[in-house]
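Please look through the sequence and the model before reading on. The report below goes from single residues to the wider fold.

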Amino acid sequence: GARVRAWARGHAARGRRVALVTSGGTRVGLEARPVRFLENFSSGRRGAGSAERLLQAGYAVCFLHRARSAFPWARSLPPHGAALLDAFRIAPGEQPAVAAEAAALPALLAALRGYHRAKEEGTLLAIEFTELQEYLELLRAAARALEPLGSSVMFYLAAAVSDFYIPTSELPEHKIQSSEGPLQITLKMVPKMLSPLVKEWAPEAFVISFKLETDPLILIDKSRQALEKYHHQVVVANILESRRTAVVIVTKDSQTPLSLSEEEIAQGMEIEEKIVNYLQAQHTLFIEKKI
């Protein structure tokens, strides 16, 4: 909390807005010394891409992300394994050196320039989580640390957070044995963090949540129910199959579809660019008390 507070205060003093971006999925252990887990799978692509766009838009970004999920700029590099090793070669000469293959160079240069710019300016503060409990504690601490900045703070809650868990007191101490037969477990509901975030931890902040569904018929209703229940500002609604190319921005009095055209997809544009552009404008109106 103190680290986030000092970092954010410095950027706010220079007139820079701050965004907390959550990204990736949480993990819930099924044993006290866990061998088996419940995973909320998320590559973290949306959160990492959005963090890049927010940094480019002038925000300082606290990136609360699942360990080893997608990371700003690093996500555009070849994936781990042979593809990554094939992107580099040992350059000839007396002094050992590594060079990038020509095909990998454009993406590598763009990624390094973006990352090092953010590093030099101190605008990217990356914090990792793995377990659900770890995520919840870090989110609460970060939100309380950012609360003094008021409406200039954006919470961009793109992490895939488990709805279910097993309380510590009910976890078996040792590995669950398959010899004991079929497994039956009872999961409890995870307390929703949006409510205390909006009401207590950072009540003046601009808060964006995400709603992912597989049934298009219930998507907008579910999004509006979330806005009515938690009283935050925006839900970014999307359908599983089309989430890479289309979303609907839902507020208490509007719904705005954003999508990529075939031409934009061919040019390599990502939907996160449109999402962040739209939400940045909405954040400005929110700060000016026009929404």
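This is a predicted model: local features need pLDDT of at least 70, side-chain atom pairs count only at pLDDT 80 or more; totals for chains, interfaces and linings use all residues.

Most residues other than glycine have a negative phi. Arg68 is not a glycine, yet its phi is positive, at about 70°; Trp73, which is not a glycine either, likewise has a positive phi of about 70°.

## The surroundings of Ser42

Ser42 sits in the loop between β3 (37-39) and α2 (45-56), and because its relative accessibility is 24%, Ser42 counts as partly exposed. Leaving aside residues up to four places away in sequence, Ser42 touches Gly24, Gly25 and Ala160. A polar atom of the Ser42 side chain also lies 3.2 Å from the backbone nitrogen of Gly44. Ser42 and His65 are separated by 23 residues in sequence, and the distance between their C-alpha atoms is 11 Å.

## The sheet and the helices against it

The model contains an open sheet of 8 strands with mixed pairing, and its strand order is β7-β4-β1-β8-β11-β12-β13-β14. At the edges stand β7 (124-129) and β14 (254-259), each of which pairs on one side only. On average, neighbouring strands of this sheet are turned by 15° against each other, with direction ignored.

Which strand pairs with β1 in the parallel sense over 5 bridges? That partner is β8 (residues 153-157), while β1 itself covers residues 18-23; Thr22 stands opposite Leu157 in β8. Helix α1 (residues 2-13) lies across β1, β4 and β7, and runs at about 160° to β7. Helix α2 packs on the sheet as well, where it touches β1, β4, β7, β8, β11 (206-213), β12 (234-239) and β13 (246-251), and its direction makes about 170° with that of β4.

In soluble globular proteins, nonpolar side chains tend to be buried together. Here the largest nonpolar core has 42 residues, and those with the most contacts inside it are Leu146, Phe155, Leu197 and Val207. Helix α5 (residues 132-146) supplies the largest share of this core, with 8 residues. Apart from this core lies another, of 30 residues, which includes Leu55, Ala118, Val247 and Leu258.

Which residues surround Val207, if those up to four places away in sequence are not counted? Val207 touches Phe155, Leu157, Leu194, Leu197, Val198, His232, Gln233 and Val234.

## What the record lists

An unreviewed UniProt entry lists residues 19-64 and 126-254 for "domain: DNA/pantothenate metabolism flavoprotein C-terminal". In the model, residues 19-64 are 26% helix and 35% strand, and the end C-alpha atoms of this span lie 11 Å apart. Residues 126-254 are 29% helix and 26% strand, and their end C-alpha atoms are 33 Å apart.

How values were computed. Residues are numbered from 1 along each chain as its sequence is written. Side-chain values use heavy atoms; hydrogens and water are left out. Helices (H or I, at least four residues) and strands (E, at least two) are DSSP runs, numbered from the N terminus. Buried means under 20% relative accessible area, exposed over 50%, partly exposed in between (1.4 Å probe, protein chains only). Contact means heavy atoms within 4.5 Å. A polar contact is a pair of N or O atoms within 3.5 Å; within protein, one must be able to donate a hydrogen and the other to accept it, and residues adjacent in sequence count only if both atoms are side-chain atoms. A nonpolar core is a set of buried Ala, Val, Leu, Ile, Met, Phe, Trp, Tyr and Cys residues joined through side-chain atoms within 4.5 Å. Two strands pair if DSSP finds at least two bridges between them. Axes are lines fitted to C-alpha atoms, for helices over the stretch in contact, and angles run from 0 to 180 degrees between N-to-C directions. UniProt positions are given in the numbering used here, feature names are shortened, and annotations may be inferred rather than shown by experiment.
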